[in-house]
Amino acid sequence: MAVLYAPVRFLLDFLRIVDVRYAGLTPGQYGAIALFIAGLVLLIRSTRVQPAPERAREDAGQPRHPPGCALRPSL
């Protein structure tokens with residue numbers, strides 16, 4: 001959302017006439033730049049998540065229960 005919203009906000013802020021400008025940009029445009037960078041960082045970090053290790057093959061498909069748990073067969 002941040003990566004899509006920030007460029008639109010940045011461009012639409014050029015239409016504002018009354019805002020104070022610092023180095024040619026409005027405070028909203030500086031915020032849009034920061035939001036875009038933060039969105040990119042989060043997007044890149046979310047793609048680097050390591051997958052969980054696979055369980056051992058001998059118990060694959062079996063539900064895990066805490067030790068000492070008395071299980072009744074399902075009907």
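The axes themselves are lines fitted to C-alpha atoms, for helices over the stretch in contact, and the angles run from 0 to 180 degrees between N-to-C directions.

The model described here is predicted: local features need pLDDT of at least 70, side-chain atom pairs count only at pLDDT 80 or more, and totals for chains, interfaces and linings use all residues. Residues are numbered from 1 along each chain as its sequence is written, and side-chain values use heavy atoms, with hydrogens and water left out.

## Overall architecture

The chain contains 2 helices and 0 strands. These elements are DSSP runs numbered from the N terminus (helices H or I, at least four residues; strands E, at least two). Of its 75 residues, 11% count as buried; the term buried means under 20% relative accessible area, exposed means over 50%, and partly exposed lies in between (1.4 Å probe, protein chains only). The accessible surface of the chain is about 6,800 Å², and carbon and sulfur atoms contribute 67% of it. This area comes from the Shrake-Rupley method with a 1.4 Å probe; for residues, only the protein chains shown count as cover. Among contacts in the chain with a separation of 6 or more, 29% are accounted for by residues 24 or more positions apart, where contact means heavy atoms within 4.5 Å.

## The helix pair

Helix 1 (residues 2–12) and helix 2 have axes that come within 8 Å and cross at roughly 160°. The two helices are therefore roughly antiparallel to each other. Helix 1 passes helix 2 in a left-handed crossing; a crossing is left-handed if the near helix is turned anticlockwise from the far one by less than a right angle, and right-handed if clockwise. On the side of helix 1, the residues that meet helix 2 are Ala2, Val3, Tyr5, Ala6, Pro7, Arg9 and Phe10. Their counterparts in helix 2 are Gly28, Gln29, Ala32, Ile33, Leu35, Phe36, Gly39 and Leu40.

Glycine 39 belongs to helix 2 and is buried, at 10% relative accessibility. With residues up to four places away in sequence not counted, glycine 39 touches Ala2 and Val3. Valine 41 is also placed in helix 2 (residues 27–47), but is partly exposed at 42% relative accessibility.

| C-alpha pair | Separation along the chain | Distance |
|---|---|---|
| Glycine 39 and valine 3 | 36 residues | 5.3 Å |
| Valine 41 and valine 3 | 38 residues | 9.9 Å |
| Leucine 25 and aspartate 13 | 12 residues | 8.6 Å |

Glutamine 29, a further residue of helix 2, is buried at 0% relative accessibility. Leaving aside neighbours within four places in sequence, glutamine 29 is in contact with Phe10, Asp13, Phe14, Arg21 and Gly24.

## The loop between the helices

Aspartate 13 is located in the loop between helix 1 and helix 2. With a relative accessible area of 3%, aspartate 13 is buried. Not counting residues up to four places away in sequence, aspartate 13 touches Arg21, Thr26, Gly28 and Gln29.

Leucine 25 lies in the loop between helix 1 and helix 2 and is buried, with a relative accessible area of 15%. Beyond residues up to four places away in sequence, leucine 25 touches Phe10, Phe14, Val20, Tyr30 and Ile33.

Alanine 23 has its place in the loop between helix 1 and helix 2 and is exposed, with a relative accessible area of 78%. Most residues other than glycine have a negative phi. Alanine 23, although not a glycine, has a positive phi of about 55°.

## The aromatic pair

A pair of aromatic rings is described by the distance of the centres and the angle of the planes. Rings of Phe, Tyr and Trp (its six-membered ring) pair if their centres lie within 6.5 Å; planes under 30 degrees apart count as stacked, over 60 as edge-to-face and the rest as tilted. By this rule the count is 1 aromatic pair. The ring centres of phenylalanine 10 and phenylalanine 14 are 5.5 Å apart and the ring planes stand at 85°, so the pair is edge-to-face. Phenylalanine 10 is partly exposed at 22% relative accessibility, and phenylalanine 14 is partly exposed with a relative accessible area of 42%.

Technical notes: Angles under 35 degrees count as roughly parallel, over 145 as roughly antiparallel, 65 to 115 as roughly perpendicular and the rest as oblique.
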